[in-house]
Protein chains: 2
Amino acid sequence: MGYVQCNLVVLRKAHAYDFLLYCQRNQRACPVLEVLNAGSPEPKRLAPGADLRTDLPRYAVYREGIRLADTTDISDLWQDDFVAFLIGSGITFDQALEDAGVPTAKDRWVLRTELPTEPAGRFRGPMVVTMRWLRPEQAIVATQVTARFPFNHGAPLHVGDPSAIGANLRDPYFGPPVDEIPPSVVPVFWACGVTPQEAAIAAEIDIMITHSPGHGFVTDLRASELALP
Amino acid sequence: MGYVQCNLVVLRKAHAYDFLLYCQRNQRACPVLEVLNAGSPEPKRLAPGADLRTDLPRYAVYREGIRLADTTDISDLWQDDFVAFLIGSGITFDQALEDAGVPTAKDRWVLRTELPTEPAGRFRGPMVVTMRWLRPEQAIVATQVTARFPFNHGAPLHVGDPSAIGANLRDPYFGPPVDEIPPSVVPVFWACGVTPQEAAIAAEIDIMITHSPGHGFVTDLRASELALP
């Protein structure tokens with residue numbers, strides 16, 4: 001808690017330009033915090049000395065868009081033309097939200113929507129969002145707190161009715177299915193760093209490695225250093 | 001005034017990944033606001049219907065890093081593999097500064113510094129800065145106003161002694177040479193969108209086209225839409 005947490009995407013150099021362009025065009029969902037040189041596993045900016053092949057708790061491996069068995073070490077898969085992207089995760093907010101009195105320990109979902117993203121090359125697809133449901137006064141505080149992180153998703157992109165953005169709470173990507181939203185809360189939605197990962201899966205590129213959901217990379221950078229005052 | 005103004009860089013697709021990566025790694029100086037698809041001259045996000053080959057007032061053309069004669073139309077030079085980058089310019093701030101009582105009509109310089117940027121491929125070189133000198137109370141207001149534009153250089157990166165960042169007022173890149181700073185003002189320095197252009201010139205790539213200094217591209221996007229509240 002309190003450190004910048006990142007989603008990991010590793011793919012071949014041949015796909016790196018289109019992927020970086022996809023992230024640039026959809027910066028709200030895809031805040032790229034570091035792109036490593038081809039073949040390098042050391043994130044010199046965010047965590048000098050770390051090794052992205054071994055220092056995440058769990059990895060998901062995709063071949064042609066099909067997810068294989070998770071692994072805890074990708075050293076044997078690593079190639080000289082692999083480019084690693086570290087993309088800001090909404091979990092980075094959590095300490096700042098807690099400090100402002102907004103609880104973060106539970107009630108968090110990741111959902112697909114029908115909001116389009118702007119394509120780049122073969123990367124395209126819908127926006128993925130993180131949802132929390134909060135008491136109205138907490139939703140207002142959470143909007144202010146997260147707006148201070150423009151390079152990490154920033155303020156919410158929607159509040160209220162999930163169907164207005166095509167989100168289906170009965171079929172979440174992460175988190176328990178929900179039949180009905182409790183009456184005392186309001187759902188708040190942020191652009192989610194899983195968006196580019198989903199686009200890369202849909203593109204069915206030959207190989208992609210990501211963090212396994214809930215097992216992101218914790219950097220050495222304090223979240224407060226990424227926030228505006 | 002009041003609209004987002006951009007620096008233009010056009011180069012071949014073969015150099016586009018390294019250039020985009022250079023911008024990502026030096027985001028303070030190089031806020032990429034739009035990257036067009038290879039061969040396309042229409043900035044669909046920032047100015048639908050515009051044509052970047054004809055709609056800037058003047059262009060600078062570089063071959064192997066050597067500047068040729070300026071031109072007012074690059075249609076005859078245009079190639080299918082050209083990629084156009086629109087990068088935020090500090091001039092975007094001007095209306096917001098004026099609204100806050102900070103005059104912008106004069107006393108503005110562009111200067112090279114000895115601050116290093118983070119290289120990407122063959123793109124590397126020093127940070128270029130925009131300097132204004134302001135009365136101390138204006139400097140404090142200008143810092144607050146520009147901090148509201150995190151995707152357009154943001155807050156100043158230095159205030160005070162130019163030599164602390166290796167800037168030489170006697171040899172400006174743009175603006176009149178200065179022998180001595182008047183006693184009643186303080187120099188304030190912002191990262192400048194000329195930085196990636198300078199890196200591309202130093203890289204001596206086969207062809208690059210930019211706006212001519214002081215002749216940037218005015219978009220349809222209101223500057224206030226790029227600002228945080």
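**Exercise 1. Through which surface do the copies meet, and what makes it up?**

Solution. In this predicted model, 100% of the interface residues of chain A are also interface residues in chain B, so the copies meet through the same surface. Next, count the contacts: eleven residues of chain A are in contact with eleven residues of chain B. Then assign them to elements. On chain A, α1 (13-25) and β2 (32-35) each supply at least two residues of the side that touches chain B. α1(A) gives the most, with five residues. Last, sort that side of chain A by type: ten nonpolar, one polar and no charged.

**Exercise 2. What rotation superposes chain A on chain B?**

Solution. Chain A is superposed on chain B by a rotation of 180 degrees, with 0.0 Å of shift along its axis (RMSD 0.0 Å). The two copies are thus related as by a two-fold rotation axis. Now find the residue of chain A that comes closest to the rotation axis: A:Tyr17, at 2.5 Å (C-alpha).

**Exercise 3. Which residues of α3(B) are buried, and where do they fall around its axis?**

Solution. Check the helix length. At 1.5 Å a residue, the twelve residues of α3 (residues 136-147) of chain B should span 16 Å; the end C-alpha atoms are 17 Å apart, which agrees. The buried residues of α3(B) are B:Gln138, B:Ala142, B:Val145 and B:Thr146. Viewed down the axis of α3(B), they fall within an arc of 85 degrees, so they line one face of the helix. On the other side, B:Pro136, B:Glu137 and B:Gln144 are exposed. Finally, look for the cover. Over the buried residues of α3(B) lie, among others, α2 (94-99), β7 (126-134) and β9 (186-191) of chain B.

Technical notes
Residues are numbered from 1 along each chain as its sequence is written. Chains are lettered from A and ligands numbered from 1 in the order in which they are written. This is a predicted model: local features need pLDDT of at least 70, side-chain atom pairs count only at pLDDT 80 or more; totals for chains, interfaces and linings use all residues. Helices (H or I, at least four residues) and strands (E, at least two) are DSSP runs, numbered from the N terminus. The expected span of a helix is 1.5 Å times one less than its number of residues. A residue is buried if 20 or more other C-beta atoms lie within 10 Å of its own, exposed if 12 or fewer, and partly exposed in between; C-beta atoms are placed from the backbone. The arc is that of the directions from the helix axis to the C-beta atoms. Two residues are in contact if their C-beta atoms, placed from the backbone, lie within 7 Å. Copies are superposed by least squares on the C-alpha atoms of residues with pLDDT of at least 70 in both. Ala, Val, Leu, Ile, Met, Phe, Trp, Tyr, Cys and Pro count as nonpolar, Asp, Glu, Lys and Arg as charged, and the others, Gly among them, as polar.
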